[in-house]
Amino acid sequence: MTLKVNRNGRNDYTDIHNVFIDHFMEPASGEYVKVYLMLLRLHNDKQMELSVKAIADRLELTQNKVISALQYWETTGLLTLEYQGGQLCAITMLERIEDALKGPADSPVDRQPARRSGEPERETAPATSESVREPVPAPESVDFSKDDLSAFASRSEVRLMLMAIARYLGHTLSSMELQRFLYMHEVLSLPISVIEFLVEECVSAEHSSIHYMTKVAVDLAENGVRTVEDARIHLHIKPKTYYRIMNALGLRNKVTPAQEKYFKRWLDGFDEALVLEACNRTVLNSNGANLKYTDTILKGWQKAGIHTLQDVADEDVKWAEKRRTEKRGDVGKPSSKLEKYLNFPQREKDYRREEMELLLRDM
């Protein structure tokens, strides 16, 4: 179904109000921001019609993601959605975006994280490199009360997330599933947008088990993931990079925690191309996948100020020239213990002839 866009404006530029940037952009996921910016662009043309599918295709998102984004922005007061026969049919943008600051108390502008019953209010501290490495409580050890679940599910942003998740899973969420999503948000401190993203990714990969999703959530939390973009990098780009490293080393097993520590350290300090080159040299020179050997190569390059493949090539040329110079300087000099031995003055007696004469005389 096409959407009727109700907003007057010019179509030669798109203006973005500072209020949106200062108050609404940061709490939203990157995909939700993309949908809103696309709406601003499309709303500049009077009575323009566009379908959810067209928006999804243009932004390379799922239709469910676009609908979730529209519903999210409606909760902020920046737009109003109209339905006909249960289907979304029109979108009206708020003319004065400043008015949205007077919106509902649970809007993203002033929303606070949920807390468990009987727990004092607390400030949410930013994640640090030390805090994200701390082990998190197992989900089985955390039991939220009915009041906790009710308060969590009553928040407008959470309602939209749960509706989207129910669509992904194809069934009404159970109490245990609701417990896990509250655990992800409250204990793991994952934003709502990240939780929805990881569920969508898991379902797309045919992993619809809440236990599997919880493991993914714990992994994201322990690695300090706090945005959808970081989650996308962690779930897609890094695993593919790890696979390329494993392939370069000739390894076919699943990445182990010990191997992952090496890979993370290498990728934090070097470009992927340089890491792969070090892996190739490891296989050629150490007759196998010796991660310590690769680590030594990279540390040596770091110490020498080598940061690119061109730097490696330049260093190889210097090393080859140095070897040639050393060989030219070594002409006439003994180059091994055997040569040193052979360079001693040799006796001129023919011991073999003398032995033959002795043998003949004794006959």
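Biologist: Are F263 and W266 buried or exposed?

Modeller: Buried means under 20% relative accessible area, exposed over 50%, and partly exposed in between, with a 1.4 Å probe and protein chains only. Both F263 and W266 are buried. The model is predicted, so local features need pLDDT of at least 70 and side-chain atom pairs pLDDT 80 or more, while totals for chains, interfaces and linings use all residues. Residues are numbered from 1 along each chain as its sequence is written, and side-chain values use heavy atoms, leaving out hydrogens and water.

Biologist: How many aromatic pairs are there?

Modeller: Rings of Phe, Tyr and Trp (its six-membered ring) pair if their centres lie within 6.5 Å; planes under 30 degrees apart are stacked, over 60 edge-to-face, and the rest tilted. By this rule there are 6 aromatic pairs. One of them joins Y36 and W73, which are tilted, with 5.1 Å centre to centre and 45° between the planes.

Biologist: Which helices hold Y36 and W73?

Modeller: Helices are DSSP runs (H or I, at least four residues), numbered from the N terminus. Y36 lies in helix α2 and W73 in helix α4 (residues 63-76), so the pair ties together parts that are 37 residues apart in sequence. Y36 counts as buried because its relative accessibility is 4%, and W73 because its value is 0%.

Biologist: What is the geometry of the pair F263 and W266?

Modeller: That pair is also tilted, at 5.7 Å centre to centre and 45° between the planes. F263 and W266 both lie in helix α11 (residues 257-269), 3 residues apart, about one turn of the helix. Together with Y242 and Y262, they form one aromatic cluster.

Technical notes. Helices (H or I, at least four residues) and strands (E, at least two) are DSSP runs, numbered from the N terminus.
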